[in-house]
Amino acid sequence: MAARTAISAAQLDRTLGVWQRGRDSAYRSLAGSLRTLVLDGRVPVDVRLPAERELSAVLGVSRTTVAAAYEVLRTEGFLASRRGAGSWTALPAGRPMPVAGLSPFPTDSGGVIDLGVAALSAPEPWITTALTAAVAELPAYTRTHGDFPLGLQVLRQAVADRFVQRGLPTTADQIMVTNGAAGALSLLLRQLAGPGERIAVESPSYANALQAIRLCGARPVPVPLAEDGWRLDAWAGTLRAAAPSLAYVIPDFHNPTALVMPEEQRAELVSLARATGTQLIVDETMVELSLDPETPLPLPLAAFDRTGSVITVGSAGKTFWGGLRIGWIRARPELVQRIAADRASLDVCSPLVEQLAVRHLLTESLPEVLAHQRRRVTEQRDALVAAVHEALPDWTFRVPQGGLSLWVRTGEDGPGGSALATAAQRFGVWIGSGPRFGVDGVLERFVRLPYAQPPEVSWEAVRRLAAAAATEAVPAPAPDFSLL
Ligand SMILES: Cc1ncc(COP(=O)(O)O)c(C=O)c1O
């Protein structure tokens with residue numbers, strides 16, 4: 001079994017912040033705050049908590065207070081203890097575990113509003129123009145067998161050039177074209193992750209990446225993402241304790257929180273990963289969706305890597321259109337060759353017309369498309385923000401400067417994310433509940449709301465969500481205080 005990750009008393013003190021609420025006795029207050037940390041994923045499940053004496057010294061409370069708080073959590077099922085081994089966080093038996101997708105798949109028929117997917121409709125006329133240009137270029141390729149596992153050289157070069165423009169020297173032999181970022185991730189996991197392998201991930205993280213990790217038999221090891229960003233001390237602790245072979249991170253308009261990792265943290269994460277021999281997979285799918293052109297984005301995370309071991313995954317799906325299904329991997333040429341060779345038994349290669357269209361978009365119309373996306377996404381984000389503020393005033397969130405979603409903490413008195421998502425379906429809205437983006441069924445207090453829909457659709461969706469929240473009476477989580 002993997003070494004259990006531990007949280008130090010000082011780290012737990014920082015994560016707890018101000019926990020003494022005054023209304024409850026100190027031990028209840030401490031137990032309540034610790035429970036919330038577990039349910040929100042800010043302290044992952046299966047993490048060893050500090051010994052009672054240590055924590056009481058750091059928090060400035062009596063040891064009896066910490067012991068009573070731990071006892072409450074044990075009784076509720078949020079803590080497991082074994083004499084001599086300490087106490088570690090847990091979830092009560094019978095809690096629902098996260099489900100992978102929205103099931104059944106929502107359709108756009110029947111008036112259902114789909115807020116389950118953070119993806120935009122095609123920006124026109126650019127997509128049609130690019131596809132038309134691609135068809136005109138096709139005869140040069142129809143004379144070949146059409147099987148290009150690495151991708152078309154012209155697109156590999158265009159993708160490499162875009163990395164160079166963003167400040168990361170890159171050559172075409174470091175690029176391979178994939179079927180979206182999802183295809184890139186699958187190919188990488190096939191090549192690099194075996195069953196039982198530990199892969200450090202942010203919590204929350206992109207739901208389908210977590211599912212891809214689970215499906216290849218690997219184990220996602222969550223590192224909590226705080227409301228305002230990454231905690232490198234938590235990363236250092238997890239990388240040291242769990243020694244994961246891989247880590248998957250989304251530093252640019254993270255999905256679902258839309259946070260951006262500052263440049264100094266990028267450098268530090270690269271050096272932490274190097275120290276533990278952990279290979280970083282950096283997902284840049286959202287990187288071009290910045291809504292604030294005045295503030296330049298930090299350098300790509302791979303720019304801080306001098307050894308060539310950081311792997312980057314990118315996509316045309318958010319910049320241009322998901323329907324193109326074109327993505328890419330940037331890695332050392334030797335790894336690119338190995339993945340391309342392995343591909344013959346999976347998806348062989350990516351469709352040529354779409355590759356040519358993406359090359360056209362990257363080289364001929366990127367600035368115009370980005371300006372267009374920025375205008376519409378800003379308008380959509382502002383509408384969603386206004387709608388939630390008006391209809392659900394006790395829901396809280398940061399207003400992102402890019403990406404495609406609000407990561408929303410639902411009100412304390414309403415239903416939790418899963419109950420809300422279920423109720424919302426009855427009102428004709430699909431949303432992703434918090435636990436889909438977590439590892440152990442945590443994050444129940446959250447939902448992800450994409451601003452990928454036109455303003456009027458978002459207003460209607462939020463009106464329906466408010467109605468669903470009002471009718472869904474069961475608050476979650478519901479700890480049993482009768483035990484105290
Ligand atoms: C962070 C992240 N990675 C990967 C993907 C999948 O991208 P693609 O459509 O290119 O497969 C998405 C799509 O939402 C995403 O948000």
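# Helix contacts and a mixed sheet in a predicted model

Tutor: In this predicted model, Ala9, Ala10, Leu12 and Asp13 of helix α1 meet Glu54, Leu55, Val58 and Leu59 of helix α3.

Student: How many residues of the contact of α1 with α3 are nonpolar, and how many are charged?

Tutor: On the α1 side the contact includes Asp13, and on the α3 side it includes Glu54, with Leu12 and Leu55 among the other residues that meet there. Divided by class, the contact of α1 with α3 holds no polar residues, two charged ones and, for the nonpolar class, six.

Student: At what angle do the axes of α1 and α3 cross, and which word describes how they lie to each other?

Tutor: The axes of α1 (residues 9-16) and α3 (residues 52-59) come within 9 Å and cross at roughly 50°. The crossing is right-handed. Angles under 35 degrees would count as roughly parallel and 65 to 115 as roughly perpendicular, so α1 and α3 are described as oblique.

Student: Which residues of α13 make the contact with α5?

Tutor: The axes of α5 (residues 126-137) and α13 (residues 352-364) come within 8 Å and cross at roughly 120°, and α5 passes α13 in a right-handed crossing. From α5 the contact takes Trp126, Ala130, Leu131, Ala133, Ala134, Val135 and Glu137, and from α13 it takes Val353, Leu356, Ala357, His360 and Leu361.

Student: How many residues in the contact of α5 with α13 are nonpolar?

Tutor: The contact of α5 with α13 includes Glu137 on one side and His360 on the other. By class, it has one charged residue, one polar residue and, in the nonpolar class, 10.

Student: Turning to the sheet, which strands lie at its edges?

Tutor: Seven strands form an open sheet with mixed pairing, in the order β6-β12-β11-β10-β9-β7-β8. An edge strand pairs on one side only, and the two strands that do so are β6 (175-178) and β8 (219-224).

Student: Do β10 and β12 run parallel or antiparallel to β11, each in its own pairing?

Tutor: Three bridges join β10 (residues 279-283) to β11, and these two strands run parallel; within that pairing, aspartate 283 has valine 313 as its bridge partner. On the β12 side, glycine 314 stands opposite tryptophan 328. Four bridges join β11 to β12 (residues 327-330), and this pair runs antiparallel.

Student: Which residues of β11 point the other way from Ile311, Val313 and Ser315, and are they buried or exposed?

Tutor: In a regular strand the side chains alternate between the two faces of the sheet. Strand β11 (residues 311-315) is mostly covered, with five of its five residues buried. Ile311, Val313 and Ser315 point one way, and the residues that point the other way, also buried, are Thr312 and Gly314.

Student: Which residue of β9 is the bridge partner of isoleucine 199?

Tutor: Three bridges join β7 (residues 198-203) to β9 (residues 246-249), and the two strands run parallel. In β9, the partner of isoleucine 199 is leucine 246.

Student: Why does valine 429 count as buried?

Tutor: Valine 429 belongs to strand β14 (residues 429-433), and its contacts, leaving aside neighbours within four places in sequence, are Ile113, Leu115, Ala424, Ala461, Arg464 and Leu465. A residue is buried if 20 or more other C-beta atoms lie within 10 Å of its own. Valine 429 therefore counts as buried, because the number of its C-beta neighbours inside 10 Å is 25.

Definitions and conventions: Residues are numbered from 1 along each chain as its sequence is written. This is a predicted model: local features need pLDDT of at least 70, side-chain atom pairs count only at pLDDT 80 or more; totals for chains, interfaces and linings use all residues. A residue is buried if 20 or more other C-beta atoms lie within 10 Å of its own, exposed if 12 or fewer, and partly exposed in between; C-beta atoms are placed from the backbone. Two strands pair if DSSP finds at least two bridges between them. Axes are lines fitted to C-alpha atoms, for helices over the stretch in contact, and angles run from 0 to 180 degrees between N-to-C directions. A crossing is left-handed if the near helix is turned anticlockwise from the far one by less than a right angle, and right-handed if clockwise. Two residues are in contact if their C-beta atoms, placed from the backbone, lie within 7 Å. Ala, Val, Leu, Ile, Met, Phe, Trp, Tyr, Cys and Pro count as nonpolar, Asp, Glu, Lys and Arg as charged, and the others, Gly among them, as polar. Angles under 35 degrees count as roughly parallel, over 145 as roughly antiparallel, 65 to 115 as roughly perpendicular and the rest as oblique.
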